[in-house]
Amino acid sequence: MPFNSILVLGAGELGTPVLQSLASHPKRADSPITVMLRFTSDPAKQSLISSFKALDISILPGDLGNASEDELTALFAPFHTIIGCTGMAFPVGSQLKIARAVLAAKTPRYFPWQFGVDYDVIGPGSSQNLFAEQLEVRALLRNQTATRWVIVSTGMFTSFLFEPSFGVVNAERTAVHALGSWENKVTVTTPNDIGLVVAELVLDAPDAEGVVFIAGDTITYGRLAEVVAKTLGKPITKEEWTVDFLRTQLAEDPDNGLKKYQVVFAEGRGVSWDVDKSFNVQRHLKLMNVEEWAKANLHT
């Protein structure tokens, strides 16, 4: 395998900025970059594929969700570094299948699809049962030494903090709900900034290993309410949703994935960390904070 060959799995909200940042990084040099995608005739997807080719990114046809572990192992074998950027819609067990295929392919470096909270701190038994598989993937990686792995803990995507279905900021932008308490904190990072940092880790931090924390911002729900009111220039309604309240809501609708996330963030464990100690601050990388995102995206 080329010592610097890179395979990105997926080209959605996260994969696309990762690919763009890798392609434009000053230390890319002759590193070949490939993205694995399912075949599609969708004109929008074809346009995206054309944009990748213009960046000298190759396309590898493949179906992560339906391919067997052995099939994935064969597809992964030619690559030095594999970056998982998709998985939300995959069936349970898919991330373990992908991780096992990566190890079977003897991939030297692996960035699994774990761009989120600190699953180690949250631990087993979380209200969000999707986290259990993430812990199993970590255990699998920690139980071997042949593949160097990097997990990039990013917190929540910044936009999701403002997603009406999540409930923190309502659709009308007239109310903010605190998950747990107004003093609770949440770490957030934009996908574009995650792409920037992943490219830095891949191409300019070859010794990075283990769990790496990055952060666009770490903010309390109280400060978030101030930012929304200031940005929109109007008063807003504030309501605290306690852990007990959210657990009751989840008990009434136990299969609701968003309500599971609300409970996790209200409990406040493993969902925030110090920006000043983040990898991006250590590398002097300027990322977008919540107020900057709000100014660019919230409108009266």
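Predicted model: local features only at pLDDT ≥ 70, side-chain atom pairs only at ≥ 80, totals over all residues.
**Exercise 1.** Which residue forms a salt bridge with aspartate 56, and which parts does the pair tie together?

Solution. 
- Step 1. The structure holds 17 salt bridges.
- Step 2. In one of them the partner of aspartate 56 is arginine 28, with the closest N and O atoms 3.9 Å apart. The cut-off for such a pair is within 4 Å.
- Step 3. Aspartate 56 sits in the loop between α2 (43–54) and β3 (57–61), and arginine 28 in the loop between α1 (15–24) and β2 (33–37), so the bridge joins parts 28 residues apart in sequence.
- Step 4. Aspartate 56 has 56% relative accessibility and counts as exposed, whereas arginine 28, with a relative accessible area of 9%, is buried.

**Exercise 2.** Locate glutamate 69 and arginine 100, and state how accessible each one is.

Solution. 
- Step 1. The two side chains meet in a salt bridge, at 3.0 Å from N to O.
- Step 2. Glutamate 69 belongs to helix α3 (residues 69–76) and arginine 100 to helix α4 (residues 94–104), so the contact ties together parts that are 31 residues apart in sequence.
- Step 3. Glutamate 69 is partly exposed, at a relative accessible area of 28%. Arginine 100 is partly exposed as well, at 35%.

**Exercise 3.** Is aspartate 207 buried or exposed, and where does its partner arginine 148 lie?

Solution. 
- Step 1. Aspartate 207 and arginine 148 form a salt bridge through their side chains, at 4.0 Å from N to O.
- Step 2. Arginine 148 lies in strand β6 (residues 148–153) and aspartate 207 in the loop between α8 (191–204) and β10 (210–213), so the linked parts are 59 residues apart in sequence.
- Step 3. With 64% relative accessibility, aspartate 207 counts as exposed; exposed means over 50%. Arginine 148, at 28%, counts as partly exposed.

**Exercise 4.** Check the span of helix α9 (residues 221–232), then list its buried residues.

Solution. 
- Step 1. The expected span is 1.5 Å times one less than the number of residues.
- Step 2. Buried in α9 are Tyr221, Gly222, Leu224, Ala225, Val227, Val228 and Leu232.
- Step 3. Just after α9 comes glycine 233, with a positive phi of about 70°.

**Exercise 5.** Which residues are linked with Arg223 in a network of salt bridges?

Solution. 
- Step 1. The network links Arg223 with Glu226, Lys230, Glu291 and Lys295.

How values were computed. Residues numbered from 1 in each chain as written. Heavy atoms only, no water. Helix = DSSP H or I, 4+ residues; strand = E, 2+ residues; numbered from the N terminus. Buried < 20%, exposed > 50% of the residue type's maximum accessible area, 1.4 Å probe, protein only.
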